[in-house]
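Please keep the sequence and the structure in view while reading.

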Amino acid sequence: MVREIQRGGYTVEFERVETKKIMEEALVKCPWDVILSDYTMPSFSAMAALQTLKESGLDVPFLVVSGTIGEETAVAALKAGAHDFLIKDKLARLVPAIERELREAEIRRSHRDAETRYKLLVEQLPIVVYVNPIDKITSTIYVSPQIQNILGYTAAEWIKDPEFWQTRLHPEDREAVMKNLEQSSLPDNPLDLEYRVKARDGHTVWFQDQMILVRNEKGQPLYWQGLAIDITKRKQAEDEIRKLNAELEQRVRERTTELERALRAKDEFLANMSHELRTPLNAILGLSESLAEHTAGSLNEKQQKYISTISESGQHLLSLINDILDLAKIESGQIVLNVDEVDIQKLCQASLRMINELAHKKNQQVTLEIEEQIGSLWADERRLKQILVNLLSNAVKFTPEGGKLGLEVHADQAERRIFFTVWDNGIGIRQSDLPHLFKPFVQLDSGLGREVAGTGLGLALVAQMVQLHGGNVSVDSQFNEGSRFTVSLPWEPSLASDAVLRLRSAGKFRAIKSGVDDRPVVLLIEDTKETILMISDYLEAIGYNVLTAYDGPTGLDQARRNHPDLILMDVQLPGMNGLETTRRLRADPEFRAIPIIVLTALAMPGERERCLAAGATDYVAKPVSLKKLAQMIEEYLFR
């Protein structure tokens, strides 16, 4: 046999053994590649050698070689564990048989190594790994040792009882879990369940259980394999969050009730204050006017001066009351703009007439410049005049005698905006004071500024009134050189595209105010900071509340939390792209009707169709025209 193997191209190192003891020693001595055994020997046999090999626990190919054995004996040897049986006078099969068994032994070793590594990995994971038979999904044939750490039960007792897992399910979860398992019908998608299990010591453990059906290469089901993760801490945290949310909601409801009560009380107070203050003021102003007209007899020069002072002080107090009430109404959303078409020329001339007498007393030069193409705009004429008069009055107040001031009006045809600029060459404003200009009851501490009367409400009212019209106010000033206050307004109010038609028929609307909750909410899902800044600033300036998200998952979360009126969706988002985010939104019944406008730089053929197929309402190619985007948003929100 040695020569036969050598003829096959192998170098042979061998040891001959004739007893069980010698074989045991040889097996320990070195790792053997193959064992060749005669069936019958004087002091030993192939069957006894097989038994000795089994007892050693080694996996070595065992081939029986004999010349006088029958077929039944050969079958018995193979059943006992021999890998092959050869006849001595037909040794041509010897080398091929050895080569075959060496290959199969290597495969078996690889499988054992893989199983060992898998078992070590499973036993180190902080989860429970289990295997269930294909014919009984609720029983277990293997469970990892972590089951004892988590529940206190050993793997052996878990496997021993086929109903062990089922009987330990929490009573409130058992029916739902069993129903899900019964309806599984061998799915290809993993079963994903959450349920509670009673531990040995009686406490409850939450599990997230994911189970898959393992199939062979032919697709035939082999067994169920699952991972059960202890999610008790997560569930406890969720319970705490729910409790906190419930408490927070209750506190918000209570706080809202308190605020509503406070607002009602404030409204009642303002109404009472207005009545109580205006009533005596009415008498003061009326009687002083009557006295000034000598209805109660002639007055000397000193008395005439006293009456004039009383009248001016009363008018100043009345102006203060009106300013306070206007601010209060704006803050509570009670200001209603009476919008109509306003003639710009007439508006400006009427505003200048209000301050001409004061300017004349200080020998100031007042000018008016209006671009010829500007005719009218839609606004509340009284409030717009209030804005201009406030600014012009300040210009007169803070410009020394003999100074200059004026009102300029020009327009931006492309952006459809109109600009009112009140300028003067007066005392100007320090740069450090500019951030405080539009705050209520703030007066700047400058020399001339402290010499003139004022409440600090005028500019605050200007800013609020301009915002009510959908515009903004800015200032450019140099200390001791003068100031320029510019009011920018849309040529039409920042409402729907049919605003003019509605205003002509109704004559009134409740103004959209910056910061109020009833402004249309637009969710912008975009990952480029510059684009976010550009679009959000523009939309907020024309009357929208803009929420932003930098990626798809955050956008989904923002949508579910805030329920926007419209969504602007970039396509090229990190991770989950804009089209997938759109599909997920459309899969939710709550967002099936919401307008979703897709923004993309991929202006390629078929891109529009691909976006619409994903669920987009409309498609805009970058670079985006802000004006056209705003028109599109208005069409979808207000059509």
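## Surface and burial

The protein chain has an accessible surface of about 36,600 Å², and carbon and sulfur atoms make up 52% of that area. These values come from a predicted model. Of the chain's 639 residues, 40% count as buried.

## Secondary structure and contacts

In the protein chain there are 20 helices and 22 strands. Among contacts in the chain with a separation of 6 or more, 60% are between residues 24 or more positions apart.

## An open sheet

How many strands form the open sheet, and in what order do they stand? There are 5, arranged as β11-β13-β14-β16-β15, with mixed pairing. The edges are taken by β11 (365–370) and β15 (472–478); each has a single partner strand, so one side of each lacks a neighbour in the sheet. From one strand to the next, the twist averages 15 degrees.

In which sense does β11 pair with β13? The two strands, β13 being residues 404–412, pair in the parallel sense over 6 bridges. At isoleucine 370, the bridge partner in β13 is valine 409.

How values were computed:
Residues are numbered from 1 along each chain as its sequence is written. This is a predicted model: local features need pLDDT of at least 70, side-chain atom pairs count only at pLDDT 80 or more; totals for chains, interfaces and linings use all residues. Side-chain values use heavy atoms; hydrogens and water are left out. Two strands pair if DSSP finds at least two bridges between them. Helices (H or I, at least four residues) and strands (E, at least two) are DSSP runs, numbered from the N terminus. Axes are lines fitted to C-alpha atoms, for helices over the stretch in contact, and angles run from 0 to 180 degrees between N-to-C directions. Buried means under 20% relative accessible area, exposed over 50%, partly exposed in between (1.4 Å probe, protein chains only). Contact means heavy atoms within 4.5 Å. Accessible areas come from the Shrake-Rupley method with a 1.4 Å probe; for residues, only the protein chains shown count as cover.
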